[in-house]
Amino acid sequence: MRIYRIAILLMILLISLTSCDEPDSYSAISENSKHDLQEWAGILARYWVLPPDDSLRPDRPGDSELLFLIQSCESNPESWAYLYNCIADTIAILEPSSSSYQ
């Protein structure tokens, strides 16, 4: 009986270790989707952070474009985390605006 318990515990441990993805691997997201989300992250981050007169600041995304982004992320919830991380990375590398905007 004890051997069976140990064997079952070892099988559960083995299955749980092999079924977990590496953190931040985003393996459920295709490469094409990752590329699209990276582009969106660049657009959103620059729109939110850069001042209106900055040449690198894009125009406000349209409602239909944002709805498409939302729908694509809803189909794969891991996409939300990937998009958030890409936005955070983009904001981190943007140069600070001039002191008059701070």
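Against which helices do the buried residues of H4 pack? In this predicted model, the buried residues of H4 pack against H2 and against helix H3, which spans residues 63-74.

Helix H4 itself, covering residues 78-93, has 16 residues and reaches 23 Å from its first C-alpha to its last, a span close to the 22 Å expected at 1.5 Å a residue. Within H4, the residues Ser 79, Tyr 82, Leu 83, Cys 86, Ile 87 and Thr 90 are buried. When the helix is seen down its axis, these buried residues fall within an arc of 135 degrees, so they line one face of H4. Such an arrangement can be read against the geometry of helices in general: an α-helix has 3.6 residues a turn, so residues three or four places apart point the same way. The face of H4 that is turned away from the buried side carries the exposed residues Tyr 84, Asp 89 and Ala 92.

One of the buried residues of H4, Tyr 82, also takes part in an aromatic pair with Tyr 26, and the structure holds 1 such pair. The ring centres of Tyr 26 and Tyr 82 lie 5.0 Å apart and their planes stand at 70 degrees, so the pair is edge-to-face, because planes over 60 degrees apart are counted in that class. Tyr 26 lies in the loop between helix H1 (2-19) and helix H2 (31-49), whereas Tyr 82 belongs to H4, so the pair ties together parts that are 56 residues apart in sequence. With a relative accessible area of 9%, Tyr 26 is buried, and Tyr 82, at 10% relative accessibility, counts as buried too.

Notes. Residues are numbered from 1 along each chain as its sequence is written. This is a predicted model: local features need pLDDT of at least 70, side-chain atom pairs count only at pLDDT 80 or more; totals for chains, interfaces and linings use all residues. Side-chain values use heavy atoms; hydrogens and water are left out. Rings of Phe, Tyr and Trp (its six-membered ring) pair if their centres lie within 6.5 Å; planes under 30 degrees apart count as stacked, over 60 as edge-to-face and the rest as tilted. Helices (H or I, at least four residues) and strands (E, at least two) are DSSP runs, numbered from the N terminus. Buried means under 20% relative accessible area, exposed over 50%, partly exposed in between (1.4 Å probe, protein chains only). The expected span of a helix is 1.5 Å times one less than its number of residues. The arc is that of the directions from the helix axis to the C-beta atoms. Contact means heavy atoms within 4.5 Å.
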